[in-house]
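Welcome! Take a moment to look over the sequence and the model, and then we will walk through them together.

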Amino acid sequence: MLSQSEVRWGVESRRSEILEKVRLERQVRTEDLAEFFGVSVMTIHRDLDFLAGIGKVEKFRGGARANDGGFGERDVSVRRATNAAIKRALAGEVGPLIRDGDVVALDDSTTVEACLGDVIGAGAAGVITHSLPLMTQISKSAPHIALTGVGGRYVAATDSFLGSATCRAVDKLFASVSVVSTTCITAGAIYHPDEDAAITKASFTKLGERRVLVTDSSKFDNVGMHFVANLKDFDDIIIDSNLTEGQRAMLEASGASLHLVDTTEPEPTHPTPSVLK
């Protein structure tokens with residue numbers, strides 16, 4: 001008989017969550033996964049055997065690690081290249097929301113990374129970020145920008161700093177505008193599969209006096225269990241126009257100014273349970 005935890009998660013959603021943990025943490029322990037999901041160690045062994053069998057992870061005694069032949073360290077570059085034209089189109093809506101002299105907080109998503117040129121072009125005086133690529137780009141190409149790089153635990157899969165140390169540093173800062181993206185939109189809020197990523201993104205959302213969410217419509221199909229922010233916490237939501245009536249109604253109900261951008265339909269950028277079937 002299945003346990004309540006196994007019924008609640010389901011095999012496919014649990015394996016999707018395990019896959020995302022490996023993507024972000026690079027290495028996971030079988031016992032930690034069993035405790036997290038509330039299932040037996042043998043159940044986790046079967047999950048890891050399945051994921052190893054389809055080439056998503058490399059299993060070792062006591063756990064599993066990222067398969068560098070798959071998503072591994074190239075995950076950020078793969079995500080950066082996916083939906084690149086859509087990200088550039090969304091970025092074009094960010095510039096008009098930035099005023100000359102603003103201090104802008106930017107999260108570590110590749111969607112927000114695509115907005116950097118528009119933020120600089122709009123006359124931002126300063127940038128706060130936990131994204132290592134953004135720190136590098138600004139220091140090299142825009143040295144006139146007052147840059148505050150927020151450190152903490154470095155995560156190779158996101159090429160950024162995440163976790164409680166990062167959040168403590170953010171709590172001492174102020175920004176005129178926060179620009180963030182998301183992995184999952186559901187039930188009037190945004191979520192993330194990883195707890196450290198979620199709390200860091202939540203801190204960056206709260207940092208700005210004005211808050212801007214930039215995302216694409218594929219995020220309605222994703223899975224995320226860790227709360228980041230309510231949609232009503234944002235002043236502006238920038239998204240492509242490939243929405244169902246229900247999805248558009250959810251966004252409009254937030255009270256945020258909705259900026260719809262006509263683009264092609266985006267490709268999924270996050271493994272949902274369906275990819276594991």
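This is a predicted model: local features need pLDDT of at least 70, side-chain atom pairs count only at pLDDT 80 or more; totals for chains, interfaces and linings use all residues.

Strand β5 (residues 126-129) pairs with β6 in the parallel sense over 4 bridges. Strands here are DSSP runs of E with at least two residues, helices are runs of H or I with at least four, and both are numbered from the N terminus; two strands pair if DSSP finds at least two bridges between them. These two strands belong to an open sheet of 7 strands, ordered β6-β5-β4-β9-β12-β14-β15, with parallel pairing. At its edges are β6 (146-149) and β15 (257-261), each pairing on one side only.

Helices lie over these strands. α9 lies across β4, β5 and β6, running at about 155° to β6, and α12 (residues 245-253) lies across β14 (236-240) and β15, at about 145° to β15. Angles run from 0 to 180 degrees between N-to-C directions, using axes fitted to C-alpha atoms, for helices over the stretch in contact (heavy atoms within 4.5 Å).

Now look inside. The largest nonpolar core has 25 residues, of which V94, L106, V179, V214 and I238 touch the most other members. Such a core is a set of buried Ala, Val, Leu, Ile, Met, Phe, Trp, Tyr and Cys residues joined through side-chain atoms within 4.5 Å, where buried means under 20% relative accessible area (1.4 Å probe, protein chains only). Helix α6 (84-91) is one of the elements that supply at least two residues of this core, and α6 gives the most, with 3 residues.

Methods: Residues are numbered from 1 along each chain as its sequence is written. Side-chain values use heavy atoms; hydrogens and water are left out. Buried means under 20% relative accessible area, exposed over 50%, partly exposed in between (1.4 Å probe, protein chains only).
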